[in-house]
Amino acid sequence: MYELNLPPYDVKLRGTQEKPVIFDFLRKRYVTLTPEEWVRQHFTHWLVDFKGYPKGLLGNEIELRIGDKKLRCDSILYQQDTTPRMIIEYKAPTIKIKQQVFDQITVYNLLLHVDYLVVSNGLQHYCCKMDYANQRYEFLREIPDYSQL
């Protein structure tokens with residue numbers, strides 16, 4: 001797999017070389033290993049292990065509905081009252097983060113109305129803090145620690 005701009009962790013792999021799977025510690029099961037999943041697992045471990053995010057408040061592959069259309073958020077950070085606080089969108093390391101990715105996460109935010117939007121391809125990470133009162137957003141220099149949210 002790809003070397004990322006994230007710290008390594010004790011990766012649990014199984015399956016075959018043709019169909020590898022990786023353990024998702026949030027879903028508590030093995031899932032198909034794709035380049036995007038590689039980024040998701042490293043990023044969520046980094047949030048928990050280094051940024052202090054509570055594991056119990058993070059969810060992966062969260063389904064959203066707009067009418068008959070089903071969407072999936074890659075990860076969501078919830079508040080203690082279970083309202084969404086942050087949406088995280090992952091791309092494979094080979095995918096450049098462009099406006100199209102931000103457009104995708106913005107659609108999710110129309111439903112969830114969160115405080116933070118995060119995008120990562122494992123090499124580059126972006127975080128926006130939403131300011132709904134002034135109808136704008138601010139790019140932060142880094143992903144905040146949980147205690148700073």
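## Salt bridges, a hairpin and a buried asparagine

Let's start with a charged pair: the side chains of Asp115 and Arg85 meet in a salt bridge, 2.7 Å from N to O (a salt bridge being a side-chain nitrogen of Lys or Arg within 4 Å of a carboxyl oxygen of Asp or Glu). Asp115 lies in the loop between α2 (99-112) and β7, and Arg85 sits in strand β6 (residues 84-90), so the pair ties together parts that are 30 residues apart in sequence. Helices (H or I, at least four residues) and strands (E, at least two) are DSSP runs, numbered from the N terminus. Arg85 counts as buried at 16% relative accessibility, while Asp115 is partly exposed at 27%; buried means under 20% relative accessible area, exposed over 50%, and partly exposed in between (1.4 Å probe, protein chains only).

Before going on, note that this is a predicted model, where local features need pLDDT of at least 70 and side-chain atom pairs count only at pLDDT 80 or more, though totals for chains, interfaces and linings use all residues. Residues are numbered from 1 along each chain as its sequence is written, and side-chain values use heavy atoms, leaving out hydrogens and water.

The whole structure holds 13 salt bridges. In one of them, Glu89 pairs with Lys91, with the closest N and O atoms 3.4 Å apart, and both of these residues are buried. Another joins Arg136 to Asp131, again with 3.4 Å between the closest N and O atoms; here Arg136 is exposed at 53% and Asp131 is partly exposed at 21%. There's also a network of linked salt bridges, whose members include Asp24, Arg27, Glu36 and Arg72.

Strands β2 (residues 20-24) and β3 (residues 29-32) run antiparallel and are joined by four bridges; two strands pair if DSSP finds at least two bridges between them. Val21 stands opposite Thr32 in β3. Four residues separate the two strands, and Lys28 in the turn has a positive phi of about 55°.

Now for Asn121, in the loop between β7 (116-120) and β8 (125-131). What does the side chain of Asn121 reach at 3.0 Å? That would be the backbone oxygen of Ile95, and the Asn121 side chain also reaches the backbone nitrogen of Leu123 at 2.9 Å. Leaving aside residues up to four places away in sequence, Asn121 touches several others, among them Leu4, Val39 and Pro93, where contact means heavy atoms within 4.5 Å.

Note on methods. A polar contact is a pair of N or O atoms within 3.5 Å; within protein, one must be able to donate a hydrogen and the other to accept it, and residues adjacent in sequence count only if both atoms are side-chain atoms.
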